[in-house]
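Have the viewer open as you go through them.

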2 protein chains.
Amino acid sequence: MPGPATLAHRQGSATVLVRDAEGRPLPHARVEIAQTRHEFSFGNIGFDFDDLAAGRATAADEGLAALWLDLFDTATLPFYWGDFEPTEGEPRTERLRTTAKWFAERGVRLKGHPLVWHTVQPPWLLRHDLDTVERTQRARIRRDVADFAGLIDTWDAINEVVIMPVFDREDNAVTRLALDRGRIHMVRMAFEEAKAANPEATLLINDFDLSSAYEILLEGLLEADVPIDAVGLQTHMHQGFRGEEEILATVERFARFGLPIHMTETSLVSGSLMPPDIEDLNDYRVDTWPSTPEGEARQADELVRHYRALVGHPAVESITYWGITDRGAWLGAPIGLVRADGSPKPSYAALHDLVKREWWAQPQTVQADADGQVEIAGFRGTYVARSGGISVEVTVGAVRDPQPVVLRVR
Amino acid sequence: MPGPATLAHRQGSATVLVRDAEGRPLPHARVEIAQTRHEFSFGNIGFDFDDLAAGRATAADEGLAALWLDLFDTATLPFYWGDFEPTEGEPRTERLRTTAKWFAERGVRLKGHPLVWHTVQPPWLLRHDLDTVERTQRARIRRDVADFAGLIDTWDAINEVVIMPVFDREDNAVTRLALDRGRIHMVRMAFEEAKAANPEATLLINDFDLSSAYEILLEGLLEADVPIDAVGLQTHMHQGFRGEEEILATVERFARFGLPIHMTETSLVSGSLMPPDIEDLNDYRVDTWPSTPEGEARQADELVRHYRALVGHPAVESITYWGITDRGAWLGAPIGLVRADGSPKPSYAALHDLVKREWWAQPQTVQADADGQVEIAGFRGTYVARSGGISVEVTVGAVRDPQPVVLRVR
């Protein structure tokens, strides 16, 4: 099992120069150093906190939020068009902005999901002809990306394009458009509009189909100069953990395009597995799907193995787990890291142990050298250096900043 | 079952004007009209006739050739690189040219298969570095397309691109190149070189993988302006006939690109079926695979249904059956229309009945009108009009030639 020693690609260093009020180096100053965030995104969905953010929290919400914030640093927020704008022209922008701000104020990075998708469509869209559908879809992208620019700067610009034009579960305007105009047209549309609305945004294409079809789509998109910033790979594992070998082989196949890989949707059940013959996970309906002690032990073990494998691959920049709690989880499956009753499962503790202990620089107090310099070396991310009641933020990244951060005391 | 009445897209008409030696219309002249070839390509592989073409025929070869020529009008010739140029710099050009000429002299159209493929590779290619592999592959395309220009003007420019970079059955230089440079690069290379060597050539991309992956590849290629002339779809049905509904749904998916569809490799067994769990047909090895009376009856029925469905779809321009005889057939399977002993199976008679009777204008003698004009109406293709010992070729195509063909008698 690869341990921290092999994670050189996750390490960095930076220098802090402690100075007095006149700007003179302060030799041998005592400096507290603490990591505040990973460079790597350890994400989760932030779908459960609208009420909390709006000031209508229950005790259960508060408890869940504390667990969320103690482990994760990046939240995916739901922009499913049908839910977001059930009545044309009345988007629920303010509700989501409140939630987004709540996360941002707590140092959490944000991502919006998704701008174009054939599922969870607003029914009113089907009434329009295709040109109107495209114009409306373009306008919705521009509006929402612009409305959240500076708050949400990462987007799943388009979701599940491989199946988009041949999706046959329900008639919808996006599938019709994709069939008429082609997949590359759809992706270009999404990226064009999102980039126009927020040139600084990090834009992803995201898919669950990790076959050659997705690779071939990416080849075509890159050939067509669609400005993809990162490749999103979904790994919902309701039918069982795929194992380190398979997941790394998959990452390797997609890493060859030279783009960062985001593991956008990750799930492992802590109960019985979905039968392997189910093709569309949505087809599996059960009355109850309990979390079991054996399932929870297995989930914890697999979760750690999955994260170790992925954090060990240099192309992966982000892992988003798909749900903090079993309460209201997708498909009713026990994929949460917290049980429906609010108690954390072993998987929560196991992931916390990895992310916030093994891969985390523990707070320490060090003494500056004779020139007032302090070296910070550790997992890439954001740190705070504090001395004499003054603190400064330090970034430890892939490239060492030749200019030391100055901490001016008093 | 659709009959000729629904085949309006296969019908056409033309006018022949019978004139005397001085150019004056010959009223009421008697003209014999006979169809000589279909516009639609009814093809088969022409892999079995090298010896015959070289003047070393056995009686069995002669019999087989007669059956071939009486039913098919387009021959696919094998340009598998490993067989064609087993020693670098010594291509077997002359041998294939002799065979190609033999077919051409008998009015048969020709197609070369394939210019780029990862299977049947020359072993010497693996010794080269990737830049040399690409240069050598480009040179081989130019050489062979140029050498056969005017004789072979249709090519499978590239074969099985979906799997090409991930093909793992045996190490080969083309897979290595495809993995390094990408699928679109490979296809562009094939089309670029073939077009340069023969700007008049009809160039195909061909695949057995008829999933979304192939559609997505085509989207990317068209976006990249690769000049694809026709889309090749393989349908080897060793595991059973796919049925009219499935085959037409498949054609429909690929027809949406607006390119002609060529059914490049068609086969149906006249014996037991290959088990459905075999993924790569090449994995199935049996000592003997006999043709049976029940299998032959089934093959005949399915063959007719398959051809009727495809000829009924306006996007399809060509069907190539993959083998005339069971002798030496691919995988040892009884896919031939002729038994190993040289006797035709029911499938031969059934297909002949379709192609040369139901879909064929039977020879007739007609009388020109008072202006010496004769109308030919029937299946699109090449006809000959003959009067007074003089004959002229007439093309009956999609668009009626406003200028009548002149048959100048005496």
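1. First, a term: buried means under 20% relative accessible area, exposed over 50%, and partly exposed in between (1.4 Å probe, protein chains only). Both Lys345(B) and Asp326(B) are buried. They form a salt bridge with the closest N and O atoms 2.9 Å apart (a salt bridge is a side-chain nitrogen of Lys or Arg within 4 Å of a carboxyl oxygen of Asp or Glu).

2. Some housekeeping: this is a predicted model, where local features need pLDDT of at least 70, side-chain atom pairs count only at pLDDT 80 or more, and totals for chains, interfaces and linings use all residues. Residues are numbered from 1 along each chain as its sequence is written, chains are lettered from A and ligands numbered from 1 in the order written, and side-chain values use heavy atoms, leaving out hydrogens and water.

3. Over all chains, the search finds 73 salt bridges. In one of them, Asp131(A) pairs with Arg181(A) at 2.8 Å. Asp131(A) sits in helix α5 and Arg181(A) in helix α6, so the pair ties together parts 50 residues apart in sequence (helices are DSSP runs of H or I, at least four residues, numbered from the N terminus). Asp131(A) is partly exposed at 48%, and so is Arg181(A), at 26%. Both belong to a salt-bridge network including Glu134(A) and Arg138(A).

4. Over in chain B, Arg308(B) bridges to Glu358(B), with the closest N and O atoms 2.6 Å apart. Arg308(B) counts as buried at 15% relative accessibility.

Conventions: Helix = DSSP H or I, 4+ residues; strand = E, 2+ residues; numbered from the N terminus.
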